[in-house]
Amino acid sequence: MSAKSENPLYPLVWRWHFVIGLVAAPLLLVLSITGALYAFEPQLQPIVESEWQTIPACETCRAEPVSAQLAVVQDAFPNAQLQHYGQYRDASRSTVAYIKEPGDNQDRIVWLNPYTLEILGSRMENEGFFPTVFELHTTLLSGEIGRWLLELTASWVLVSLLLGLLLWWPRRTKRAGGWQPRLASKGRRLWRDLHAVGGFYLLPLALVVVYTGLLFSPVAGKALMAEMALAGQIPEAFLNPPKVPPQPETIGVDRLVADFLSDAPAADWFINFPHAENSPLVINIREALPWNTRMIYYNPHTGERLASLLWEEFKPGAKALLLFFPLHTGLILAWPGQLLALLTALGLAALALSGVWMWWLRKEPGSLSLPRLRQEPQPGPLFYTAGIVLAVLAPLFAASALLIVVVSFLETVLLRRRNGEETAVEV
């Protein structure tokens, strides 16, 4: 008995893997190539903008107070509103301020020498090579529409990766072309082996990269946050920041910085300035690795600590969410992890291209040459259970799959009605 006859769902799985790969290939290539380009951005961006982002080493120099640095920025941009200010643990990095000028949708980034109070340079947040790559990777340069399209693509790619595993196992575990490609083969067989075997070994990393990326998407990300909030895993201060009673005066930002640094570990830290009367001022450690996570909410009028969020106090769900970014970028393992992320992105691009090439090799003129369904498949409970799990993990997959089912059902009903009318006319 052939492998195909042993598993009647095989043609259905192959058909869907084939169609998803073909449709998703263009946007998957965009995601993969931009992800590969962005993999080493933390190391390369300061080099690209070295005249702004780095300063000469000075062991005897002492940084000017934060208030003095902010005053320089406000003098240079008198109509701008302060958004953020940050210092890096690396003494060779300049400090940075984010401001918003009237009429601008994006923040302007301003770099300063904290020792001389010299403004080294500035640009809009979305200008430059790496910001453009990031915008392509996250929005296709198309705003919210691009974000939705990319989430839809990533959701179906997640499904396609799992379907690819079903196609590989158990058919290939006991035959040639399962664990290593048959390099002596030619044509479609060689490409199929390269696609299947390469995809199998890439699968664990690909699943991690694709799924963790969904946290930053407009639907799956919000759904995951809502699920964690309902489960009581998200700190209350994060969901509902403390309010500040209005008062006529504020204390200096230097006192708040001193209080924050008094018990904070050495790390990159940022200030988020309030823009509403009852909003707190927030100082937090902002690094890729979450172990030093610390976010303190201050009353800007009195200097009182209103709330604090610390890594060691987080519940497991909150800690898991904070791991998504370093897992997605590979930063959790420093540069070796970034290299793995880069190779995974290139591997996904190779899977997309090889899948399209295999389709081209099998394509007949005037036909899409989709895999045929030899019999009506009868999915079992495991099939529907897997579908429900995927719907929870990737809501846009569920919504689009439901839409496909409804359209297919309506198409079938209309086709039967049309055939019935034609039969009645003939009679």
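View 1. Ala71 is partly exposed, with a relative accessible area of 31%; here buried means under 20% relative accessible area, exposed over 50%, and partly exposed in between, with a 1.4 Å probe and protein chains only. This residue belongs to helix α5. Helices (H or I, at least four residues) and strands (E, at least two) are DSSP runs, numbered from the N terminus. Between the C-alpha atoms of Ala71 and Gly221, which sit 150 residues apart along the chain, the separation is 38 Å. Please keep in mind that this is a predicted model, in which local features need pLDDT of at least 70, side-chain atom pairs count only at pLDDT 80 or more, and totals for chains, interfaces and linings use all residues. Residues are numbered from 1 along each chain as its sequence is written, and side-chain values use heavy atoms, with hydrogens and water left out.

**View 2. The whole chain, for orientation.** The chain has 15 helices and eight strands, and its C-alpha trace spans about 90 × 50 × 40 Å along the principal axes. Of the 427 residues, 41% are buried. Among contacts (heavy atoms within 4.5 Å) with a separation of 6 or more, 61% are between residues 24 or more positions apart. The accessible surface comes to about 24000 Å², with 63% of it belonging to carbon and sulfur atoms; the areas come from the Shrake-Rupley method with a 1.4 Å probe, and for residues only the protein chains shown count as cover.

**View 3. The open sheet of eight strands.** Follow the strands across and you will meet them in the order β4-β3-β2-β1-β5-β6-β7-β8, with antiparallel pairing. At the edges are β4 (118-124) and β8 (305-310), each of which pairs on one side only. Neighbouring strands of the sheet are turned by 15 degrees against each other on average, direction ignored. Two strands count as paired if DSSP finds at least two bridges between them. Helix α5 (residues 66-76) lies across β1 (81-87), β2 (95-100), β3 (108-113), β4 and β5, and runs at about 140 degrees to β1. Such angles run from 0 to 180 degrees between N-to-C directions, with axes fitted to C-alpha atoms, for helices over the stretch in contact.

**View 4. Strand β1 and its pairing partners.** Five of the seven residues of β1 are buried, so this strand is largely enclosed by the rest of the structure. With β2 it pairs in the antiparallel sense over five bridges, and there His84 has Tyr98 of β2 as its bridge partner. With β5, strand β1 forms an antiparallel pair over four bridges, where Gly86 is partnered by Phe270 of β5. Moving one step on, four bridges join β5 (residues 269-272) to β6 (residues 281-285), again antiparallel. Phe270 turns up here too, with Asn284 in β6 as its bridge partner.

**View 5. The disulfide between Cys58 and Cys61.** The structure holds one disulfide, a term that here stands for a pair of cysteine sulfur atoms within 2.5 Å. The sulfur atoms of Cys58 and Cys61 lie 1.7 Å apart. The torsion about their S-S bond is about 70 degrees, so the disulfide is right-handed. Cys58 is partly exposed, at 26% relative accessible area, and Cys61 is partly exposed as well, at 35%.

**View 6. The kinked helix α8.** Helix α8 (residues 187-213) has a kink of about 60 degrees at Leu203, shortly before the proline Pro204. The bend at a residue is the angle between axes fitted to the seven residues ending there and the seven starting there. Leu203 is one of the buried residues of α8, which also include Leu190, His195, Val197 and Leu202. The buried residues of this helix pack against α2 (10-38), α7 (143-168), α12 (316-329) and α13 (334-362).

View 7. Asn299 sits in the loop between β7 (294-298) and β8 and is buried, with a relative accessible area of 3%. Leaving aside neighbours within four places in sequence, Asn299 is in contact with Val244, Pro245, Gln247, Glu304 and Leu306. Leu117, in the loop between β3 and β4, has a positive phi near 60 degrees although it is not a glycine; this leucine is partly exposed at 24% relative accessible area. Leu140, in the loop between α6 (129-139) and α7, also has a positive phi near 60 degrees, and is buried at 18%.
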